[in-house]
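I am opening a new notebook on this structure. Below are my entries on what I looked up.

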Amino acid sequence: MNAKRLSTRLAALLVVGLMASACENEDPFPTFDELDKLRQLHTMPQRPPVDPTNRFADDVRAASLGNRLFHNPKLSSCGTVSCASCHDGAGRTVATAKADGCNGGVTGRNPPTILNVDYLRWFMWDGRADRLWNQAILPLTSPVEMDSNATIVRAQLNATYMGEYTELFTKTPDETEDDELLANFGKLIQAYERTVNLVRSPFDEDVKRFIVAVEEGREKEDPSYLALKTYFRKGQCIVCHQGVTMSDNLFHNIGVKDSGAGAPGQTDAVEPMLNWKFNAAGPYSDNRNGQDAARLSGVRSTLAEKRAEMEGAYKTPTLRNVTLTAPYMHTGELNTLAEVIDFYDKGGDEDGTFHGKKTETIKKLNLEPEEKEALVKLLESMTGTP
Ligand code: HEC
Ligand code: HEC
């Protein structure tokens, strides 16, 4: 063997050796820290967290009226579009990438589900609503969705729900000024949406069983071992999809192709949200000095340093009930969960096809076919059983 061939062979052996030792040195799954995160993934509470900014959030009368308003197309200017037009069926969304509203309008983004929605901390893909009640004002008044206003809402309340409205708010719709009327509409809708939950899934049982297996030292024999290990390690999914909602309630740029008007994502949404009269700190909030208002000051104070990260960033969606909510991503560009896994495996869409810069976590994963399959099954198991 000549010197050159010998040195290549030695180099090759060295590489193999390093790879083997990297594998040997890998901590057994799960580490203490990972076990802690596993414990936080399962068993959602039956009710969403309280919202003191809406004093009717858990009022059953408000929920009942909110339910009827949610389904009433007469609240739209065209008379044919209700909230339910885009948030109905088992998945409480539509099966298309975009949805149709009044006057031939088409939404700019994919409608997310409203299942378990008030467990989340921000609303809309770009976070432009900080509370669920104020979120409802956006589609109500959006020209491409319900294209409505306080006058139309007041007329409907007067015609059909006058007694119930007046009893709850202790004044008639006519005695309520426009902005307050819109806020009250939102508060009724939120009370209803808080009851639209699907919180138990096979995933919860699998994670609980896996944790017991870990405690008994037989985790490798558990059927969820490969899926959970890939979700935590090679896939890095747990970095963002964590906690019982499987969302960190933060915004990330994961590189989803988008050249539309909304492509800047959180960047364009954050200041309007902070300055909005309907936010948690505004005059229509029922708890203007509480922690939800303080959270807004927190966002404002870190605005300058976080600016770059907000470019092209979208909210981490919940993964609960995900089999019911295809297509996926804020653009609805991916039709199946297998396509979602392939998207992550290739490290997102190509640079230049979306606004801003991908976050560091999103890179080529080199998943094996069985790892991909395990992840798809894991996602499927997150769908609730009524
Ligand atoms: C024409 C279709 C359409 C109609 C009508 C509509 N929505 Fe939506 N909804 C969407 C789209 C699209 C989004 C995402 C918009 C975005 O993030 O930019 C959305 C987002 C939401 C969200 C945020 C979910 C999340 O995870 O952040 C909630 C809650 C919601 N809609 C409730 C409602 C309510 C309440 C009404 C009626 C007042 C309504 N929607 C009417 C299409 C619609
Ligand atoms: C850096 C944070 C981050 C990581 C890591 C991450 N995700 Fe996501 N995920 C997001 C964000 C943000 C979105 C929405 C992006 C968009 O639409 O622009 C998303 C969207 C999704 C969706 C679509 C949901 C829907 O309703 O449209 C699925 C499914 C999903 N992720 C699963 C996974 C899996 C599985 C992994 C691991 C292989 C993973 N994610 C890793 C942040 C992350």
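How many salt bridges does a search of the whole structure find? I ran that search and got 32 salt bridges. I counted a salt bridge where a side-chain nitrogen of Lys or Arg is within 4 Å of a carboxyl oxygen of Asp or Glu.

**Ground rules**

I note that this is a predicted model, where local features need pLDDT of at least 70, side-chain atom pairs count only at pLDDT 80 or more, and totals for chains, interfaces and linings use all residues. Residues are numbered from 1 along each chain as its sequence is written, chains are lettered from A and ligands numbered from 1 in the order in which they are written, and side-chain values use heavy atoms, with hydrogens and water left out.

**Overall picture**

I looked up the make-up of the protein chain and found 15 helices and two strands. Helices (H or I, at least four residues) and strands (E, at least two) are DSSP runs, numbered from the N terminus. The C-alpha atoms fill a box of roughly 95 × 45 × 40 Å along the principal axes. Of the 386 residues, 52% are buried. Buried means under 20% relative accessible area, exposed means over 50%, and partly exposed is in between (1.4 Å probe, protein chains only). I then checked contacts, meaning heavy atoms within 4.5 Å. Among those between residues at least 6 apart in sequence, 72% join residues at least 24 apart.

**Salt bridges, one by one**

I started with Glu26, which forms a salt bridge with Arg233; the closest N and O atoms are 3.7 Å apart. Glu26 sits in the loop between helix H1 (3-25) and helix H2 (32-41), and Arg233 in the loop between H10 and E1, so to speak distant parts of the chain, 207 residues apart. Glu26 is partly exposed, at 43% relative accessible area. Glu26 and Arg233 also belong to a network of salt bridges with Glu34 and Lys229.

Next came Asp59 and Arg61, whose closest N and O atoms are 2.9 Å apart in their salt bridge. Asp59 is buried at 17% relative accessible area, whereas Arg61 is partly exposed at 42%.

Then I checked Arg121 and Asp292, whose side chains meet in a salt bridge at 3.9 Å, N to O. Arg121 lies in the loop between helix H4 (83-86) and helix H5 (132-135), and Asp292 in helix H12 (residues 291-301), so the pair ties together parts 171 residues apart in sequence. Arg121 is partly exposed at 30% relative accessibility. Asp292 is buried at 4%.

**The iron atoms**

Which protein donors does the iron atom of ligand 2 have? I found His241 (NE2) and Tyr344 (OH), lying 1.8 to 2.1 Å from the iron atom. Donors are N, O and S atoms within 2.8 Å of the metal (3.2 Å for Na, K and Ca); water is not among the atoms, so sites may look incomplete. His241 lies in the loop between helix H10 (225-232) and strand E1 (251-252) and Tyr344 in helix H14 (residues 337-345), so the pair ties together parts 103 residues apart in sequence. His241 is buried at 10% relative accessible area, while Tyr344 is partly exposed at 22%.

His87 is placed in the loop between H4 and H5.

I turned to helix H8 (residues 178-193). Its 16 residues should span 22 Å at 1.5 Å a residue, and its end C-alpha atoms are 23 Å apart, which agrees. The expected span is 1.5 Å times one less than the number of residues. H8 is mostly covered, with 14 of its 16 residues buried.

Lys187 lies in H8 and is buried at 2% relative accessible area. Its contacts beyond four places in sequence include Arg55, Trp133 and Asp286. Lys187 and Arg55 are 132 residues apart in sequence, yet 8.2 Å apart in space, C-alpha to C-alpha.
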